[in-house]
Amino acid sequence: MPAPSFRTSKLLTSVLCMLFAAGAEAQAPAAPPSWQQGKTPDQANSTLHPFAPHMTGRSAKELPLDKLKVPAGFKVEVWAEGVPEARSLALGDKGTVFVSNRIGKNVYAVVDKGGTREVKTILKGLNAPNGIAFSKGTLYVAERHRITRYDGIEGALDNPPEAKVVIDGLDPQNQPGHFWKFLAMGPDRKLYFNVGAPGNIVMPGYFQASISRVDPNSGTMDTYAMGVRNSVGFDWHPKTKQLWFTEHGRDWLSDDSPSDELNVATRKGQNFGYPYCHQGDTLDPEFGKNRSCSEFTPPVIKLGAHVAPLGMRFYTGKMFPAAYRNNIFMARHGSWNRTTKQGYDIYRVVLGSNGKVQKSEPFLTGFLTDEKADPPMWGRPVDVLQLKDGSLLFSDDYNGILYRISYGKK
């Protein structure tokens with residue numbers, strides 16, 4: 001039998017390589033979800049998992065609202081329902097409350113009509129439009145890959161203007177984790193937004209695990225803070241104008257470590273440690289080798305392990321007592337990566353005149369009903385927003401509801 005020619009041998013080799021690659025691909029296990037990345041072999045069979053919201057929302061009549069507790073003199077009530085997966089909040093000049101989605105694709109507007117609220121779906125078909133901000137008549141929306149603007153939208157809720165792109169290309173690798181963004185207009189008139197780490201505990205790439213900012217007029221972007229695993233809430237101190245932000249610690253290290261954080265960026269360019277150092281004092285078992293936590297900016301306070309702090313705002317209104325002025329109110333979404341669950345509340349942080357934390361404590365509780373159950377809660381706070389009358393709104397993505405907290409002496 002004659003020997004095969006060079007061309008025939010090359011063809012056979014190519015076919016065999018293709019068959020081997022196809023077989024290897026068929027046998028390769030599917031990649032685990034991003035939230036499972038970082039498990040140890042001992043955690044392989046863990047039943048802990050994230051909790052999905054009710055995507056169609058739930059009626060307030062179905063919920064145990066009497067379980068919600070606030071300090072004496074305060075009142076909490078349902079302000080609007082029927083806002084599926086209500087996430088970030090923004091307030092328009094005319095009092096319109098804009099509400100975003102993360103898993104969903106819509107942006108909503110809630111209009112107060114003399115004590116009753118109408119919910120309008122104003123934008124549809126967007127790509128994880130979690131971040132929203134309103135400034136000088138314009139609504140800005142942060143999707144996973146871009147930020148757009150809608151000028152004059154409050155006067156055209158039934159026929160919104162076309163989107164204008166502020167910046168694009170924010171997710172060039174279609175990252176599997178922490179791609180949703182929080183968005184806020186800074187005192188320097190630039191839009192600040194987060195890009196989270198692409199997994200639980202991985203080495204981030206270019207402008208991942210950071211808080212960046214973009215000039216809405218020129219589209220010029222720069223990175224403001226680095227080493228931030230995932231921040232989904234920030235605001236500026238009313239007096240110092242420094243950027244304060246919440247941050248989620250990594251999962252699968254332990255039930256009680258690391259803690260989630262409240263941080264302050266006193267200047268541009270600070271590094272807050274991810275993925276090398278967690279909670280300011282705990283080196284990562286893998287990435288922390290040959291590093292020191294002293295290299296990085298530590299948190300202002302530790303908020304508790306896996307409590308998932310999200311939206312936060314400084315309170316500047318006059319409805320609440322004077323002791324609440326310039327306090328931080330934050331929404332703690334609640335833990336899933338913990339045997340005994342915690343969080344699921346509105347948390348209060350009191351700062352002294354020197355900018356140091358004097359105390360921190362839960363302000364609104366009652367969503368957590370059984371810390372060992374699956375799920376352990378009936379609602380999950382996401383963002384907070386101060387209304388013009390000084391009352392405080394917060395969103396609940398689990399039920400698609402907005403609540404209002406007010407104060408009045410009895």
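Is His178 buried or exposed, and what is its relative accessible area? His178 is buried, with a relative accessible area of 12%. Buried means under 20% relative accessible area, exposed over 50% and partly exposed in between, with a 1.4 Å probe and protein chains only.

1. **Basis.** This is a predicted model: local features need pLDDT of at least 70, side-chain atom pairs count only at pLDDT 80 or more, and totals for chains, interfaces and linings use all residues. Residues are numbered from 1 along each chain as its sequence is written, and side-chain values use heavy atoms, leaving out hydrogens and water.

2. **Fold content and size.** The protein has 1 helix and 27 strands. These are DSSP runs, numbered from the N terminus: helices are H or I with at least four residues, strands are E with at least two. The radius of gyration is 23 Å, close to the 22 Å that the globule rule gives for 410 residues, so the protein is as compact as a globular protein of that length. That radius is taken over C-alpha atoms, and the rule is 2.2 Å times the number of residues to the power 0.38. Along the principal axes, the C-alpha atoms fill a box of roughly 105 × 50 × 45 Å.

3. Of the 410 residues, 53% count as buried. Among contacts with a separation of 6 or more, 56% come from residues 24 or more positions apart. Contact means heavy atoms within 4.5 Å.

4. The structure holds 24 salt bridges. The criterion is a side-chain nitrogen of Lys or Arg within 4 Å of a carboxyl oxygen of Asp or Glu. Glu77 pairs with Arg404, with the closest N and O atoms 3.2 Å apart. Glu77 lies in strand E1 (residues 74–81) and Arg404 in strand E27 (residues 401–407), so the pair ties together parts that are 327 residues apart in sequence. Glu77 is partly exposed at 27%, while Arg404 is buried at 16% relative accessibility.

5. **Other salt bridges.** Arg332 forms a salt bridge with Asp345, the closest N and O atoms being 2.7 Å apart. Both Arg332 and Asp345 are buried. Shared partners join Lys75, Glu77, Asp389 and Arg404 into one salt-bridge network. Arg291 and Glu295 also meet in a salt bridge (2.8 Å, N to O). Arg291 is partly exposed at 29% relative accessibility; Glu295 is partly exposed too, at 42%.

6. **The E17–E18 loop.** Phe272 sits in the loop between strand E17 (270–271) and strand E18 (277–278). Phe272 is buried, at 4% relative accessibility. Not counting residues up to four places away in sequence, Phe272 touches residues including Met226, Val228, Phe245, Cys277 and Phe296. Pro275 lies in the loop between E17 and E18. The peptide bond from Tyr274 to Pro275 is cis, with omega near 5 degrees.

7. Asp374 and Pro375 are joined by a cis peptide bond, with omega about 0 degrees. Pro375 is in the loop between strand E24 (357–364) and strand E25 (381–386).

8. His178, not a glycine, has a positive phi of about 55 degrees. His178 is in the loop between strand E9 (164–167) and strand E10 (183–185). Ala128 has a positive phi near 50 degrees. Ala128 is in the loop between strand E5 (116–123) and strand E6 (131–135). Ala128 is buried, at 7% relative accessibility.
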